[in-house]
Structures are given as structure tokens and as C-alpha cells.
Amino acid sequence: MTNTSIFKNDPKIIVALDYADAASALKLVNQLDPALCRLKVGKELFTAVGPQFIETLIRANFGVFLDLKFHDIPNTVAKACTAASNLGVWMLNVHASGGLEMMQAARAAVNNTTTKPILIAVTVLTSMNQASLNKIGIQTDLATHVLNLATLTKEAGLDGVVCSALEAQILRAELGKAFCLVTPGIRPANVNQDDQSRVVTPRDALNMGASYLVIGRPITKATDPLKALEAIHQECINLKL
Ligand code: C5P
């Protein structure tokens, strides 16, 4: 690793632990290096294995992004954020569509903890298109709605949003250098796209303004996951952003 690397002490790759049980997840985790990646635990794994598993990952020196996308009344979300922060996670998230007051309550709750994880929001789920947005009563153009929700997220004092790398350029330009952009839909060149339709390479995503890359199957399904992780790391390591 060179001293100029943007990866130094701050791995940009977040490996998505999309597993149904602890044993399968740990089999993968035991092959990974916490100096090269963080880990994302979502609703499936967390619901199956619970908070002790998060503590296991943290004890193994991994930064954990707890991807539970809280969306509820402000008081409930605030308490959930406190509980997540107290687990020692590195990052957690809420739904921006929960509104300004909900996000402000989440912000205040996280600020009151000793760990103060990075707090981000989901804008519009990428599974939604213009038609599905219209069906829930939102007539705004999808890209504008994403920008509106990201702007509201910043106004609430949150640290950033989850977004497609394809949205990163405009969000970076509109919301500034310090806003954290976490981007899934990443595929190294020559790797299977799986069910992702709009993919971007790790290097391009970072060039387009992404702060962190969420990567699942290109690493978790690789014959040698550590080798796949190292290859992506190498692909990005000399980027000067
Ligand atoms: O295997 P793959 O790299 O496609 O995994 C991407 C991860 O990012 C999965 O956990 C998926 O749920 C998540 N994600 C996504 N698109 C979003 C938000 C999250 O692919 N818009």
C-alpha cells in the first residue's frame, strides 16, 4: 500500500454479507482482511443471528455497516439508532422518506452516543422506478426526488446517503465534498453483473464521487474471496481523488 493511497486506514470496500446464517457468513469473513474492507450486515443476517454476531465481527477488527434502514416515528428511530450505535457499528442508516424530524431525531441520538457512527440515509430504493414512485403518490421525477431527499438528509445533519454511482456525480456536485456517498451496484470489469442492471466499476465509481463501495457477489461468490478483494483494492489503490 502506498502512502498516497486513499485506502490508507480507511478501506473503501464494504463487503455485503448477504447470508442467512452465522456459519456461512463467518466462513467468508474468516477469509477477509479488515485492513482491506468493512462488512455490511443487512436485515436477513441481523434478524437471523442478532447483535452478538455484530460484536463478533467488531472483535475481529472489522468496521460494520448495519444496514437496517430504520423508518418509523422519530422517537422509535432515535432509540433504534442509539441501540445500534451502542453495538459499536461503524455506520448505520435510516430512510430519508421518514422525514426531516425523523432524521434529526436519529442525528441527535447518534450524537449522544460515545461511538458516533457514520449516519446515512437511503433516498429512493433502486428497486423503485418512476411508475412505482407514481403509484405511491409521488409525481416528482425520480432523479429530482433522489436529489430532494439527499438535500433533506444533509439539512437534517446526516453524513451522507446510499446511492447509485451513476447518481454520485450530481449528488457530489450539489451536496459538497464532505457528504458521504455509499454506492452499491459495483462490478469489476469482466465480472458477472448478476441481477444488477446499471453497474459501474470500482475505479469509475470512486472517480464519479463515491466515498465507499458496497460489493457483494464479486467477492462473496469468488473462488478465492481474498484474492478478489485484493484485486479490487489494487484496481483502486493509486487513485488520487
Ligand atoms: O452482490 P451485490 O454486489 O449485487 O450486492 C450488493 C449489495 O448492496 C446487496 O446487499 C444489496 O442488497 C445492496 N444494495 C443494492 N442496491 C441498492 C441498495 C443496496 O444492491 N440500491
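Two strands count as paired if DSSP finds at least two bridges between them. Keep that in mind as you click around this predicted model.

**Stop 1: β2 and β3.** Select these two strands first. β2 and β3 pair in the parallel sense, with 4 bridges between them, so they pass the cut-off of at least two. Now pick K40 and look across to β3: its bridge partner there is F65. Colour β3 by burial and you'll find that 6 of its 7 residues are buried, so mostly it is covered, with "buried" meaning under 20% relative accessible area.

**Stop 2: on to β4 and β5.** From β3, step to β4: the two run parallel and are joined by 3 bridges. Select L66 and you can find its bridge partner, L92, in β4. Next, show residues 91-95 (β4) and 118-122 (β5), a parallel pair with 5 bridges. Here N93 has I120 as its bridge partner in β5.

**Stop 3: the whole barrel.** Show all the strands from β1 to β8. What do these 8 strands close into? A barrel, in the order β1-β2-β3-β4-β5-β6-β7-β8, with parallel pairing. On average, neighbouring strands of this sheet are turned by 25° against each other, direction ignored.

**Stop 4: the largest pocket.** This one has a volume of about 1000 Å³. Of its 35 lining residues, select K40, K69, T126, P184 and Q196, the closest to the centre. β2, α2, β3 and β8 each give two or more residues to the lining. Colour the lining by class and you get 14 nonpolar, 10 polar and 11 charged residues.

Terms used:
Residues are numbered from 1 along each chain as its sequence is written. This is a predicted model: local features need pLDDT of at least 70, side-chain atom pairs count only at pLDDT 80 or more; totals for chains, interfaces and linings use all residues. Side-chain values use heavy atoms; hydrogens and water are left out. On a 1 Å grid over the protein atoms alone, a cavity is a set of points where a 1.4 Å probe fits but cannot get out, and a pocket is an open set with protein on both sides within 12 Å along at least five of seven lines; lining residues have an atom within 4 Å of a point. Grid points are joined across faces, edges and corners, and a volume is the space filled by probe spheres set on the points. Ala, Val, Leu, Ile, Met, Phe, Trp, Tyr, Cys and Pro count as nonpolar, Asp, Glu, Lys and Arg as charged, and the others, Gly among them, as polar. Axes are lines fitted to C-alpha atoms, for helices over the stretch in contact, and angles run from 0 to 180 degrees between N-to-C directions. Buried means under 20% relative accessible area, exposed over 50%, partly exposed in between (1.4 Å probe, protein chains only).
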